[in-house]
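Please look through the sequence and the three-dimensional view below before reading on.

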Amino acid sequence: MALDRAARLRVAVERDGPTCIWCAREFGEHVEPSTEHVVPRVKGGPSWLENEVAACRRCNADRGHTAPVEWLEECQRRGWHPDEPRLVRSLTALAEAIAERGGQRRARPYLDAQLRRLRRRGVTVRDVGPAA
């Protein structure tokens with residue numbers, strides 16, 4: 001059964017914790033969570049749980065369509081504390097979901113490039129089999 005956007009946001013917060021993936025601010029009365037597509041929709045990113053994390057509205061709006069690893073580096077330059085392990089988990093889970101379900105022709109090369117960029121940063125990223 002497919003979840004609506006609000007339900008997917010609740011699942012992402014429960015799965016990842018009550019903080020913004022990018023700035024680490026805790027969600028609450030003044031910091032509302034929003035659904036953040038790790039691989040942007042305009043780059044072919046699906047609205048699947050594996051591609052969605054919770055981010056504060058400020059970070060979601062500021063990021064726009066910036067690549068996730070590029071935005072991670074920008075957040076670090078700003079002195080924030082982005083959750084790099086959460087980003088790695090999300091990108092890896094999305095790669096696995098695409099390999100299992102197939103499709104997502106536009107998202108695959110973009111996702112592969114982001115995983116390569118993380119590896120160049122020295123991050124351990126589990127290899128995922130080729131997408132169908």
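Among contacts in the chain between residues at least 6 apart in sequence, how many, as a percentage, join residues at least 24 apart? The share of such contacts that join residues at least 24 apart is 67%.

This is a predicted model, and the mean pLDDT of its chain is 92, with 95% of the residues reaching 70 or more. Where pLDDT is low, the predicted coordinates should not be read in detail.

The chain holds five helices and two strands, which follow one another from the N terminus in the order α-β-β-α-α-α-α. The table gives the elements at the two ends of the confidence range.

| Element | Residues | Mean pLDDT |
|---|---|---|
| Helix 1, lowest confidence | 5-16 | 93 |
| Helix 3, highest confidence | 68-77 | 97 |

Along the principal axes, the C-alpha atoms fill a box of roughly 45 × 40 × 25 Å. A compact globule of 132 residues would have a radius of gyration near 14 Å, so the 14 Å of this chain agrees with that expectation. Of the 132 residues, 45% are buried.

Two packed helices are described by the angle between their axes and the distance between the axes. For helix 4 (residues 84-101) and helix 5 (residues 107-120), the angle is about 145 degrees and the axes lie 10 Å apart, while their crossing is left-handed. On the side of helix 4, the residues in contact include Val88, Leu91 and Ile98, and those they meet in helix 5 include Leu111, Leu115 and Leu118. Taken together, the residues of this contact divide into nine nonpolar, two polar and two charged.

Conventions: Residues are numbered from 1 along each chain as its sequence is written. This is a predicted model: local features need pLDDT of at least 70, side-chain atom pairs count only at pLDDT 80 or more; totals for chains, interfaces and linings use all residues. Side-chain values use heavy atoms; hydrogens and water are left out. Axes are lines fitted to C-alpha atoms, for helices over the stretch in contact, and angles run from 0 to 180 degrees between N-to-C directions. Helices (H or I, at least four residues) and strands (E, at least two) are DSSP runs, numbered from the N terminus. A crossing is left-handed if the near helix is turned anticlockwise from the far one by less than a right angle, and right-handed if clockwise. Contact means heavy atoms within 4.5 Å. Ala, Val, Leu, Ile, Met, Phe, Trp, Tyr, Cys and Pro count as nonpolar, Asp, Glu, Lys and Arg as charged, and the others, Gly among them, as polar. pLDDT is the predictor's confidence in each residue, from 0 to 100. The radius of gyration is taken over C-alpha atoms; the globule rule is 2.2 Å times the number of residues to the power 0.38. Buried means under 20% relative accessible area, exposed over 50%, partly exposed in between (1.4 Å probe, protein chains only).
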